[in-house]
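Open the model in your viewer and keep the selection tool at hand.

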Amino acid sequence: MALLQISEPGQSTAPHQHRLAAGIDLGTTNSLVATVRSGIADTLPDADGYHLLPSIVHYADEPLVGYAAQKLANSDPLNTIASVKRLMGRGLADIKTTGTRLPYDFVETDAMPMINTAAGKLSPVQISADILQNLKQRAEKSLDGDLTGVVITVPAYFDDAQRQATKDAATLAGLKVLRLLNEPTAAAVAYGLDKNAEGIHAIYDLGGGTFDISILRLQKGVFEVMATAGDSALGGDDFDRLIAEWIMQQAGIAEDAEHQHIRQLLEIARTAKETLSTEDSALLNVKFIGWQGELNQQQFKQLIDPLIQKTIMPCRRALRDAGLTVGDINDVVMVGGSTRMPRVREKVSDFFKCEPHVDIDPDKVVAIGAAIQADILAGNKPDDEMLLLDVTPLSLGIETMGGLVEKIIPRNTTIPVAKAQEFTTFKDGQTAMAVHVVQGERELVTDCRSLARFELRGIPAMVAGSTRIVVTYQVDADGLLSVSATETITGIHSEITVKPSYGLEDQEIERMLKDSLEHAKDDVATRTLREQQVEADRVINALRAALKIDGDRLLKQDEFLTINTALDQLLKLKDGTNAQAIKRSIEKLDEVTKEFAARRMDASISKAMKGHTVNEFMEN
Ligand code: ADP
Ligand code: MG
């Protein structure tokens, strides 16, 4: 939860105890690693002096990462994997429906997507791990020691599966993840915006293949992601394509030019685009047909303005989603290599009516923010530097029948957050409900941490399943969890406040996450069986009670017999271990009792409404 104090009060580490930590921007197009040295955060170059590492891996005998892999993209496309970030935490069906077209040889499977390569079947997690490993080696070589831990950035919109996949990749690369940090938060931290008391910031991130706009609110030292929007298929690559098409027109190259010619043209286009960020014009030299030309600023603007305009729409949407107007934004931060284009800066400045922050190299800014956080998390800062988190580290759930956990707020949800879930009574005439609040990733209550218990009393006695109890979990900016339960017909209400992170050490969080991964399979099987057993008990109890009260009154003899046969069948199966058989038997019983249940529900409602007007119920 938020407000985990990372460094012990009063204990600042002496210089000789300085722990090596790094921030990693694991990007779709480029990745970087940065660290804080002598109080200054900066990115680390490779042996050739390059700071950026293209997020591309080539597989043959040994994985090759970065520029070396990029060179092989043309000659060996199926073994050269780029943009793997788009696949993280996604199923193959997902990837296909989101329209991400990646030219790899995917293994058809329902589980994690795998790509066939010369080095075997590889998952996106493994491929990302190879990129991370490369950055790890770079950092350890240049810092001359092992890294204690790293902060890795992820897009603010990444869901739990995508975040988990990123973390798994780090583990696989032998890295200890101190924290996953939202990319826009990292950018804001790099500019020291977290040092202000409060403010609302827009982070405009135009990278190689994606555009993201995030609206962050800083309050009492906690960053809240108010809204995110963007376009997952809009980035620098699209600018390159546009220029390449223009060159083809100018040079009279046929539209169906050969594949390698298109590649070359894209290269020429990208170089021209990058040149135009600082020069008045760019020379174009298309060697394979012996054509030369020039692209000037005027022509360039005309070409790219529609693309830049396409980023403004999501900016409007994000503001609207956050319930804000342009005037509410205090700072705009530019992130991503493509925001080097002066025209992009100009348009963004026009829209937000303020000068954006551009002092820090826009393709390094995320890694730098991550490095600053990593430095604090590793314990290298004096006691007044406290790190405030902006996400829940573990899921918050509620105990349901059979000692199972229903997750209400999944871990890594940005805070503040409120989520509600509806529950109903298990037994006929039940007038109280126990709410047990737990924290953790496992399926069984006994494997999670118990945070609090309370009771909701005074539920009107009704047939099981006909009351509606709304349980709301709310985590505020201080990391305080409050849980409330309300019965919707009468409005009776009960609540409790807990501080879930209290006493929970980082190591403990790590252990709980590890356990959940290790036991994931058993847990699912146990859960399925338990769920069916609980459901069987519920159905049997409810049916028996109902038969006792209304069986004679509402059922004919043959109906009664059919129901009894199905009931006996379920009683026989329910203590066994075949979840599927129990499920089928419940379904069967459900089917033969439908009519009976309907007759009872009618009777119950007309009784409950006696002496009341219909309007009374409508108002509640
Ligand atoms: P990502 O976050 O997607 O990994 P980056 O932030 O590294 O990507 O951005 C890469 C994009 O930035 C590429 O399309 C590249 O052409 C573009 N880019 C880099 N430098 C410049 C520049 N000087 N002018 C214009 N575009 C640039
Ligand atoms: Mg990026």
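Start with a sorting rule for residues: Ala, Val, Leu, Ile, Met, Phe, Trp, Tyr, Cys and Pro count as nonpolar, Asp, Glu, Lys and Arg as charged, and the others, Gly among them, as polar. By that rule, the shell around ligand 1 holds one nonpolar, 11 polar and five charged residues.

Some ground rules come next. This is a predicted model, where local features need pLDDT of at least 70, side-chain atom pairs count only at pLDDT 80 or more, and totals for chains, interfaces and linings use all residues. Residues are numbered from 1 along each chain as its sequence is written, chains are lettered from A and ligands numbered from 1 in the order in which they are written, and side-chain values use heavy atoms, with hydrogens and water left out.

**Stop 1: the ligand**

Select ligand 1. How many residues surround ligand 1? There are 17, and the closest are Thr29, Asn30, Lys273, Glu274 and Ser277. A residue counts as near if one of its heavy atoms lies within 4 Å.

Now show helix H6 (236-251) and helix H7 (259-275). Each supplies at least two residues of the shell. H7 gives the most, with three residues. Helices (H or I, at least four residues) and strands (E, at least two) are DSSP runs, numbered from the N terminus.

Next, look for polar contacts: pairs of N or O atoms within 3.5 Å. A polar side-chain atom of Ser277 lies 2.6 Å from a nitrogen atom of ligand 1. A backbone N or O atom of Thr28 is 3.4 Å from an oxygen atom of the ligand. At Ser338, a polar backbone atom lies 3.3 Å from a ligand oxygen. The protein covers 89% of the 570 Å² of accessible area that ligand 1 has on its own. Such areas come from the Shrake-Rupley method with a 1.4 Å probe.

**Stop 2: a mixed sheet**

Select strands E15, E14, E13 and E18. They form an open sheet in that order, with mixed pairing. Two strands pair if DSSP finds at least two bridges between them. Which strands are at the edges? They are E15 (222-231) and E18 (331-335), and each pairs on one side only. Neighbouring strands are turned by 20° against each other on average, direction ignored. For such angles, axes are lines fitted to C-alpha atoms, and values run from 0 to 180 degrees between N-to-C directions.

Zoom in on E13 (residues 198-206). E13 and E18 pair in the parallel sense over five bridges. Tyr204 stands opposite Met334 in E18.

**Stop 3: an antiparallel sheet**

Select E20, E19, E22 and E23. These four strands form an open sheet in that order, and the pairing is antiparallel. E20 and E23 (449-457) stand at the edges with a single partner strand each, so one side of each is left without a neighbour in the sheet.

Now pick E19 (residues 396-400). Five bridges join E19 to E20 (residues 404-409). Three bridges join E19 to E22 (residues 432-439). Click on Ile398. Its bridge partner in E20 is Glu406, and in E22 the partner is Val437. Then click on Thr400, whose partner in E20 is Leu404.

Last, select Gly402. The hairpin of E19 and E20 has three residues between the strands, and there Gly402 takes a positive phi near 85°.

Key. A polar contact is a pair of N or O atoms within 3.5 Å; within protein, one must be able to donate a hydrogen and the other to accept it, and residues adjacent in sequence count only if both atoms are side-chain atoms.
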